[in-house]
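Dear colleague,

I am passing on a structure that will be new to you. Please look through the sequence and the model first; my notes come directly after them.

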Amino acid sequence: MTRIVIMGGGIAGYEAALVAAQHGADVTIVERDGLGGACVLYDCVPSKTFIASAGARSAFRNADELGIRTNGSERAVGVPVVH
């Protein structure tokens, strides 16, 4: 059996490990911070979450223009506005 050690669990290291395992290798990934690398752990993915949250908040702020009203736990739809 082939044994492979991959230094770094970033996107390239993770993909290399998957391919090696698919070809029957015994794979070990050495990574200090976690699989996915900086992009997944700190950069792209968290940024996308913040962007989506901000978009949802903006949409929620303008919801009454679409006939949706909220007040705490109470919710209502203004049917005349929707039509």
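Predicted model: local features only at pLDDT ≥ 70, side-chain atom pairs only at ≥ 80, totals over all residues.

Residues are numbered from 1 along each chain as its sequence is written, and side-chain values use heavy atoms, with hydrogens and water left out.

Helices (H or I, at least four residues) and strands (E, at least two) are DSSP runs, numbered from the N terminus. Strand E1 (residues 3-7) pairs in the parallel sense with strand E2 (residues 26-30) over five bridges; pairing requires at least two DSSP bridges between the strands. Val5 has Thr28 in E2 as its bridge partner. Together with H1, these strands form a right-handed β-α-β unit, meaning that the path from the first strand over the helix to the second runs clockwise when the strands point away from the viewer.

The whole structure holds one salt bridge, defined as a side-chain nitrogen of Lys or Arg within 4 Å of a carboxyl oxygen of Asp or Glu. The side chains of Arg32 and Asp33 meet in a salt bridge at 3.9 Å, N to O. Arg32 counts as exposed because its relative accessibility is 79% (exposed is over 50%, buried under 20%, partly exposed in between; 1.4 Å probe, protein chains only). Asp33, at 44%, is partly exposed.

Ile11 lies in helix H1 (residues 11-22) and, at 54% relative accessibility, is exposed.

Kind regards
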